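Here are my notes on the model you sent over. Have it open beside you as you go through the points.

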Amino acid sequence: MTKLTELLGIIKDKASQSKAALLSKRATLSLLRATSHDSFTPPTHKHISTLLSSGEGSRATASAVVEVLMNRLQGTNNSAVALKCLIAVYHIINRGSFILQDQLSVYPSAGGRNYLNLSNFRHRNDSVSWELSSWVRWFAQHVEQLLCTSRILGFFIGNSPRDREEGVSGLTNADLLTQFDSLVTLVEWICKRPDPSSMKGNKLVEEIVNLVHEDWIVIQTEVSIQVSEFKERLSCMKFGEAVELVCCLKRLEECKEMIMIIMMLEMEQRHRLWDLVREVKEKTGTGVYKEKGKVQKEIRKERVSESHRFSSRVLISADSFHFPSGRLL
């Protein structure tokens, strides 16, 4: 069954590429070459570069490339084709021209979350297709979260501005918390990566693992910058902001063990970021608990004061207004 499926995939690829060549559709041809039905090999660097270059030029050209790519992604029920389309989307995010990235960021025109719509993707032809299906669902969500976080940050992850520390220092606490929450969500999803051990030797899966490893290096840098900025702001954060920060830092710490396993980090890398996260969480948490204690004391004082005032009013009333029967008015 697997051999027959592979043969049919090869025939489909050849037929589609021949048709695109006859119709002189450069973008379609480069896409078809980059997203073949082969379940074991990723698209080559040459094919990805050709696809990216086909989107250079006018906005209309870039829009056409994104539309062709998305149509192929949404129209296929083959896990290998879907994964390679997602890899192409990933490379647009990281290596594409500005105009190509811009067209991707506004697709579809309605916007919204989960627009790749692959959360229910299933390909049941054989065991390899079935295993790859789980990678399609996970990687699609990862790409979506990359786009979502990039929108919130104001730049595509992997293309961070050189003066990022200065940019972060100019953000309000609320905006910085929104960005940090999105980054933590991205890290949490990375931790849900499928186990690659059952796909050992599959170059397509290995390519995705390597791409996400590269993402973590960039994400780790951005997280470190933001946590360091929070450290400088601890004394001027509102109570609600401090509580939100502690919650985000706790979520991030819960990812620590899985991230270290997935990324196979060196010892120095294992502790540098997490030491900073723990330090800021503990300092912020101490401030939150102190502030919470002050609030509770104020509440108790107000309750005692209000109770005293009420008792006084009752006593005054009792002394001033008595019926002959002794009942209080």
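1. Let's begin with serine 79, which sits in helix 5 (residues 79–95). Helices here are DSSP runs of H or I with at least four residues, strands are E runs of at least two, and both are numbered from the N terminus. At 1% relative accessibility, serine 79 counts as buried; buried means under 20% relative accessible area, exposed over 50%, and partly exposed in between, with a 1.4 Å probe and protein chains only. Leaving aside residues up to four places away in sequence, serine 79 touches Phe121, His123, Ser129, Leu132, Ser133 and Val136 (contact means heavy atoms within 4.5 Å).

2. A word on the ground rules. This is a predicted model, where local features need pLDDT of at least 70 and side-chain atom pairs count only at pLDDT 80 or more, while totals for chains, interfaces and linings use all residues. Residues are numbered from 1 along each chain as its sequence is written, and side-chain values use heavy atoms, with hydrogens and water left out.

3. Now the whole chain: it has 13 helices and 0 strands. Of its 329 residues, 43% are buried. Among contacts with a separation of 6 or more, 77% are between residues 24 or more positions apart.

4. Back to helix 5. How do helix 5 and helix 6 cross? Their axes come within 8 Å and cross at roughly 125°, helix 6 being residues 98–105. Axes are lines fitted to C-alpha atoms, for helices over the stretch in contact, and angles run from 0 to 180 degrees between N-to-C directions. That makes helix 5 oblique to helix 6; angles under 35 degrees count as roughly parallel, over 145 as roughly antiparallel, 65 to 115 as roughly perpendicular and the rest as oblique. Val89, Ile92, Ile93 and Asn94 of helix 5 meet Leu100, Gln101 and Leu104 of helix 6.

5. Helix 9 (residues 173–190) is worth a look too: its 18 residues reach 26 Å from first C-alpha to last, close to the 26 Å expected at 1.5 Å a residue (the expected span is 1.5 Å times one less than the number of residues). Its buried residues, including Leu176, Phe180 and Val187, belong to a set that packs against helix 7 (127–153), helix 8 (164–169), helix 10 (203–233), helix 11 (239–254) and helix 12 (256–263).

6. Last, the pairing of helix 7 with helix 9: they pack at about 165°, axes 10 Å apart, and are therefore roughly antiparallel. Among the residues making this contact are Trp138 and Leu146 of helix 7 and Leu183 and Trp189 of helix 9.
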